[in-house]
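Open the model in your viewer and keep the selection tool at hand. The tour below goes from stop to stop and says what to select at each.

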Amino acid sequence: MKKIAIIAKVHDPRCLGVAEELIDWLTQREIVPRVEEHLSKQLRHPGLAESAESSEVATGADLVVVLGGDGTLIAACRMVGSREVPILGVNLGSLGFLTEITLDEMYPAMERCLAGDFEVSQRMMLLAQVLRGGEQIERHRVLNDAVINKGALARIVDMETSVDGRHLTTFKADGLIVCTPTGSTGYSLSANGPIIHPGLNCISITPICPHTLTNRPLVVGAEASIAIRIDAQEDEAVFLTLDGQVGVKLICGDQVHIRKSDHVARLVQSRSKDYFSVLRAKLKWGER
C-alpha cells in the first residue's frame, strides 16, 4: 500500500491525537497519509499529510482508516462512494456494530493490511432518489437506512408504497424505514424491525408507529425496487433522512425510489470478534 486515507471525528480530541500518531507511523514506513480537509485544519502539523475534500479523500487510496464511531464510519462510506476502497474502522467510543477494531488492535491490524493479510465484509448499500414532478431532485447512497418521518407537530403521514411496480399498501404511520441488513440493528431495530445478518442480500421495510397494528415489518429481495409516494398537507413537515445524517424536506406528491446500489462498502474485519459476539455484547444478550 502506497497511500492511506484517514477520516476522523474532528470534534473529538482523542481522535485527533490518534490521527497524528497514525500519520507519523505511516510516514516512517514511507506511506503517504491523506486526510480529509476538515481533519487537516485540526492537526498540529497539517503539512505531514496530503489534504483532500471529503468527496475526493479516497481517490487513489489503497485503504481508508476511520477513527471514531459508527456514525463517522457511515459518513466515510458515503465519502468513499463508488470507489469500494477497503475501510478499517477503529472504535474510539462505545462498542459499535461497524467499528470492530479497538485502539489496541489498530496497529497490528494496520500491519496485516500493509502485508495484504486481511479480510473484508462486503456490505450492501442502497440508492435513494427523490422525484418531484417526475424530475430527480436528490440522489444519495446509504449504508444503513433511508427514513421518511414527520415533523414533531405533523399528523400521521400517508405513504403509498409499491414494490417492483406492484402496490404493497398505503402506510398510515409516523414514518417508514427502508434499510439494509447492516442498518437492521439501527433505527429499524428500535421500531421492532428484524435483525438481519449483514451477509444476506435483502431490504427491510419497517413502519414507525403504524396506525394499523397489522402493518408489520416486511423483508423483500435485494433486487426489489421500492417506490413511496408522499401524501401530506402543504403545511406539514415531512422529511427523508439518509443514514441519520442527511435530511431532505419532502412535499405532497414527492416520490422516494429506493433500490440496491451497484456498489458495496468493504469493511475490514476484526480477527478477535465476529458479528455474533458484537451482537451479544451490544444487545447484552445472556445478561440478567
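This is a predicted model: local features need pLDDT of at least 70, side-chain atom pairs count only at pLDDT 80 or more; totals for chains, interfaces and linings use all residues.

Residues are numbered from 1 along each chain as its sequence is written, and side-chain values use heavy atoms, with hydrogens and water left out.

**Stop 1: the strands around S7**

Helices (H or I, at least four residues) and strands (E, at least two) are DSSP runs, numbered from the N terminus. Two strands pair if DSSP finds at least two bridges between them. Select S7 (residues 120-132) and strand S8 (residues 135-142); seven bridges pair them in the antiparallel sense. Two residues lie between the strands of this hairpin, where Gly133 has a positive phi near 65°.

**Stop 2**

Strands of a sheet pair through backbone hydrogen bonds, either parallel or antiparallel. Select the six strands in the order S14-S13-S12-S9-S16-S17; they form an open sheet with antiparallel pairing. Strand S14 (218-221) and strand S17 (246-250) are the edge strands, each pairing on one side only. Strand S16 (residues 238-242) is joined to S17 by five bridges, and Leu240 has Val248 of S17 as its bridge partner.

**Stop 3: two helices**

Select H1 and helix H4 (residues 103-114): their axes come within 13 Å and cross at roughly 30°. Axes here are lines fitted to C-alpha atoms, for helices over the stretch in contact, and angles run from 0 to 180 degrees between N-to-C directions. H1 is therefore roughly parallel to H4, a label for angles under 35 degrees. Contact means heavy atoms within 4.5 Å; the residues making it include Trp25 and Leu26 of H1 and Met106 and Tyr107 of H4.

**Stop 4: positive phi**

Most residues other than glycine have a negative phi. Glu30 is exposed, with a relative accessible area of 75%; exposed means over 50%, buried under 20% and partly exposed in between (1.4 Å probe, protein chains only). Finish at Lys284, in the segment after helix H6 (275-283). Lys284 is not a glycine either, and has a positive phi of about 60°.

How values were computed. Angles under 35 degrees count as roughly parallel, over 145 as roughly antiparallel, 65 to 115 as roughly perpendicular and the rest as oblique.
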